[in-house]
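Let's take a friendly walk through this model. Have the viewer ready and follow along, heading by heading.

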Amino acid sequence: MSTKWFLAAAALAATGACAHAHEHEGVAEVADHPDKLVRAETGESVENPFHPIRLLLSSEESAGAVTIYEFILPPGSPGSPPHTHTHEDEYFYVTSGTLDVLSNGEVLRLNPGDFAALNRGHAHMFWNGSDGETELVMMTTGSSFEAFMESVSPRLAEAKPESAEAVGAVIGQLAAEHGITISMEMMPEEAAPYYAPPE
């Protein structure tokens, strides 16, 4: 499945799954939001201290249904620590490279064309454990995760943490404010080296 077809299918699924239509005197009212095209190598860059992120579709542009990002993970780099969402589901589609994922207590390696649905209430994490760059399309339902992502860099700039542990504490607090619980005790052994503080 190509990335273009995936994005089209994801947008259609989100439109059908979320409450855009409201019955009013027997007539369905649909939230109006214009079409959007994001050309390759364009789009809004999201400030992130860990890896490049490009916002493809904001929750506002999808009438609150979904947020869609492109993530680029450098070789041998962390993505997220083990965490559980309470407000949103998270979907990954790998377009190039490989992605390591913790899902249902199992470590899986995703390849180009692989898709993973990481649903709320279930702990998961991801990282790039390979020696090549990884690109993926990441989608979350609703708008809470987008608000979290927008808050990370400003909160770190305000707190000025002086160690990796302090950075983790700031992000953990911010995550909790957005209904995300970080559970470092669930870190699999093979992922731990990518999250170790620099020596």
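## A pair within one helix

By about how many helical turns are Phe-145 and Phe-148 separated in helix α2? This is a predicted model, and in it the two residues lie 3 apart in helix α2, so about one helical turn separates them. Phe-145 is buried, as is Phe-148.

Helix α2 covers residues 144–159, and Ser-144 belongs to it. Is Ser-144 buried or exposed? Its relative accessibility is 19%, and because buried means under 20%, Ser-144 counts as buried.

Which residues does Ser-144 touch once its neighbours within four places in sequence are set aside? The contacts are His-87, Glu-88 and His-178.

## The sheet beside the helix

Now for the strands. An open sheet is built from 6 strands with antiparallel pairing, in the order β3-β4-β5-β12-β7-β10. Why is one side of β3 and of β10 left without a neighbour in the sheet? Strands β3 (44–46) and β10 (115–118) stand at the edges and have a single partner strand each, so one side of each has no neighbour there. From one strand to the next, the twist averages 25°.

One detail to look up in the viewer is Ser-45, whose bridge partner in β4 is Arg-54. Helix α2 packs on the sheet, where it touches β4, β5 (66–73), β7 (90–96) and β12 (134–141). The direction of α2 makes about 45° with that of β5.

## Aromatic pairs

How many aromatic pairs does a search of the whole structure find? The search gives 6. Among them, Phe-92 and Phe-126 make an edge-to-face pair, with 4.9 Å centre to centre and 75° between the planes. This pair links distant parts of the chain: Phe-92 sits in strand β7 and Phe-126 in strand β11 (residues 124–128), 34 residues apart. Both Phe-92 and Phe-126 are buried.

Phe-145 and Phe-148, the two residues from the opening question, also form an aromatic pair. Their arrangement is tilted, with 5.7 Å centre to centre and 45° between the planes.

## How the rings join up

Which residues do ring pairs link into a cluster? The cluster holds Tyr-69, Phe-71, Phe-92, Phe-126, Phe-145 and Phe-148.

Note on methods. Residues numbered from 1 in each chain as written. Predicted model: local features only at pLDDT ≥ 70, side-chain atom pairs only at ≥ 80, totals over all residues. Heavy atoms only, no water. Helix = DSSP H or I, 4+ residues; strand = E, 2+ residues; numbered from the N terminus. Buried < 20%, exposed > 50% of the residue type's maximum accessible area, 1.4 Å probe, protein only. Contact = heavy atoms within 4.5 Å. Pairing = 2+ DSSP bridges. Axes fitted to C-alpha atoms, helices over the stretch in contact; angles between N-to-C directions. Phe/Tyr/Trp six-rings, centres within 6.5 Å; stacked < 30°, edge-to-face > 60°.
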